[in-house]
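Here is a short briefing for a first look at this model. Please keep the structure in view while you read.

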Amino acid sequence: MENKISRESRAVTPDAELLQRIRRGDEGAMAELYDRFSAVVFSAALRVLGEASQAEDVLQEVFLQLWRNPSAFDSNRGSLAAWLAVIARHRAIDHLRRRRPETDVEDVVLAVDPELDGQAARAEAIGRIRAVMETMSDEQRSALEMAFFEGLTHTEIADKTGEPLGTIKTRIRSALIAIRKALAS
Amino acid sequence: MTGHETFADELTRYLLGELPPDERRSLEQHLGSCGECRNELERLRAGEALLTLAGSEAVAPPPRARARLLAAIAREPRLAVVHEGSRGRAWWIWAPSVATLALAIVVGLLWQENSDLREKAQKLAAMEMQQEVDTHNTKELLADLTAKGAIHVNLNESGADPQPHARATYNPKDGGIVFVASNLTPLPDGQAYQLWIVPMNDGKPIRAASFRPTSRGTAVVMKHDNLRTSPKMFAVTIEPEHGTGEPTYPALLSSPIGE
């Protein structure tokens, strides 16, 4: 797998270099970065919003924001794909709840291996997460998805499922911690 | 339970935007001083990212989205959003000739206005007329100067290497600052130019703005910063990109006000 990752990284301009060119106002670099990650952003937004035209709005917003402030992402700190996925999900939930953005992009720092920008490594990590999801009970997985992709608050999930609020909080918290542990292993 | 343990328990709710504002502020304050909690949050965020990727079916956006984004970018002014002291104020980086010429026009208009003032009998009418002319001229000027494809050049002494140069204007009435620089050398990642103002009263430099020049070595800073006194000096230093509280000497550029 290592060889595969090395081949990928040799074949393309590194993300950090593209971001540096974007800082200098290079529109071509922005187009290249878009081609590389637009599916990541669009897919995350579509998963939350379920409607292509709204997901397209989030896609525009996320990339325009990156164009205006490319320094918001610190390329020394992790994977750009992972960072964009987080920003896209947050913006999509903001759209869903029709609220002003709650997360400042500069506050989002991830402890993700930069190698995850390689598709093979990313696919492997995603596989590990899906395996953890498989081990969860239907109730826990459902609560996590409602919080994560439907933007429901813990209280709303408790109301919807008829479960006590404390149970919902515990289920979601332990699910997120299980995922964090799976990445560390 | 110690404070630290309490915060560790809150991190997952913070991640999902579940914390009420007061608890959120309190946690953010704690994160500022607790490396362990910061690391835990970063690891949870990594899980959040991978869960987002894992839970989303890979779908390519429609081709029109790419064209739409590139058109939007082309319409954006050549802006470099940089770190600034007073939040909420926007400041821009344009070609230097925009602001230089705009300043020249403003000076010219002010001189004209003074002439009009001497004509006491026609004072009000002349000012009104002048304002109309100002508005018209400024609109035309800005349209030309910011037009896509407009050519901006700097003129230097023939044969001489272009040297870094800047001009700063401060309006004591409203604290407006216009700073125009050219021939600045590009800086490596992690560094930025920083504009300082040394006020007349205690002489302690105030950080006015941190900026990176355009690829042509030009930068324009426009902002408001009420000094409550007159500035004694402007200076530009090279600092870490996220700014610093004290200037690193020697300054690249410095000038007493009015020079």
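The points below go from whole chains to single residues.

This is a predicted model. Chain A has 9 helices and 0 strands. Chain B has 6 helices and 7 strands.

**Chain A overall**

- Along the sequence, the elements of chain A run α-α-α-α-α-α-α-α-α.
- Chain A has 185 residues, and 48% of them are buried.
- Take the contacts in chain A between residues at least 6 apart in sequence: 62% of these join residues at least 24 apart.

**Chain B overall**

- Chain B reads α-α-α-α-α-α-β-β-β-β-β-β-β along its sequence.
- Chain B has 259 residues, of which 37% count as buried.
- Among contacts in chain B between residues at least 6 apart in sequence, the share joining residues at least 24 apart is 61%.

**A helix pair in chain A**

- Helix α3 of chain A covers residues 27-49, and helix α5 of chain A covers residues 80-96.
- The two helices pack at an angle of about 40°, and their axes lie 8 Å apart.
- The crossing of α3(A) and α5(A) is right-handed.
- On the α3(A) side, the contact is made by Leu33(A), Phe37(A), Val40(A), Val41(A), Ala44(A), Ala45(A), Val48(A) and Leu49(A).
- On the α5(A) side, the contact residues include Leu80(A), Leu84(A), Ala88(A), Arg89(A), Ile93(A), His95(A) and Leu96(A).
- Sorted by class, the contact between α3(A) and α5(A) has 16 nonpolar, 1 polar and 1 charged residues.

**Helix α8 of chain A**

- Helix α8 of chain A spans residues 154-161, and its residues His154(A), Ile157(A) and Ala158(A) are buried.
- Why do the buried residues of α8(A) line one face of the helix? Seen down the axis of α8(A), they fall within an arc of 100°, so they share that face.
- The face of α8(A) turned away from the buried side carries Asp159(A) and Lys160(A), which are exposed.
- Gly162(A) follows α8(A), and its phi is positive, near 80°.

- His154(A) sits in helix α8 of chain A.
- Is His154(A) buried or exposed? His154(A) counts as buried because its relative accessibility is 2%, below the 20% cut-off.
- Leaving out residues up to four places away in sequence, His154(A) touches Leu165(A), Ile168(A), Lys169(A) and Ile172(A) in chain A.
- With that exclusion still in place, His154(A) also touches Arg13(B), Leu16(B) and Glu18(B) in chain B.

**Leu19(A), a buried residue in chain A**

- Leu19(A) belongs to helix α2 of chain A, residues 15-23.
- Leu19(A) has 0% relative accessibility, so it counts as buried.
- Leu19(A) and Ser71(A) are 52 residues apart in sequence, and their C-alpha atoms are 8.0 Å apart in space.

**Ala235(B), a buried residue in chain B**

- Ala235(B) lies in strand β6 of chain B.
- At 9% relative accessibility, Ala235(B) counts as buried.
- Which residues are in contact with Ala235(B), leaving aside its neighbours within four places in sequence? They are Gln194(B), Leu195(B), Trp196(B), Ala251(B), Leu253(B) and Ser254(B).
- Ala235(B) and Ala168(B) are 67 residues apart in sequence, and 9.5 Å separates them in space, C-alpha to C-alpha.

**Backbone details in chain B**

- Most residues other than glycine have a negative phi, and most peptide bonds are trans.
- Asn183(B) has a positive phi, near 60°.
- Asn183(B) is found in the loop between β2 (176-182) and β3 (191-199) of chain B.
- With 18% relative accessibility, Asn183(B) counts as buried.
- A cis peptide bond links Tyr249(B) and Pro250(B), with omega about 0°.
- Pro250(B) is in the loop between β6 (231-240) and β7 (253-256) of chain B.

Methods:
Residues are numbered from 1 along each chain as its sequence is written. Chains are lettered from A and ligands numbered from 1 in the order in which they are written. This is a predicted model: local features need pLDDT of at least 70, side-chain atom pairs count only at pLDDT 80 or more; totals for chains, interfaces and linings use all residues. Side-chain values use heavy atoms; hydrogens and water are left out. Helices (H or I, at least four residues) and strands (E, at least two) are DSSP runs, numbered from the N terminus. Buried means under 20% relative accessible area, exposed over 50%, partly exposed in between (1.4 Å probe, protein chains only). Contact means heavy atoms within 4.5 Å. Axes are lines fitted to C-alpha atoms, for helices over the stretch in contact, and angles run from 0 to 180 degrees between N-to-C directions. A crossing is left-handed if the near helix is turned anticlockwise from the far one by less than a right angle, and right-handed if clockwise. Ala, Val, Leu, Ile, Met, Phe, Trp, Tyr, Cys and Pro count as nonpolar, Asp, Glu, Lys and Arg as charged, and the others, Gly among them, as polar. The arc is that of the directions from the helix axis to the C-beta atoms.
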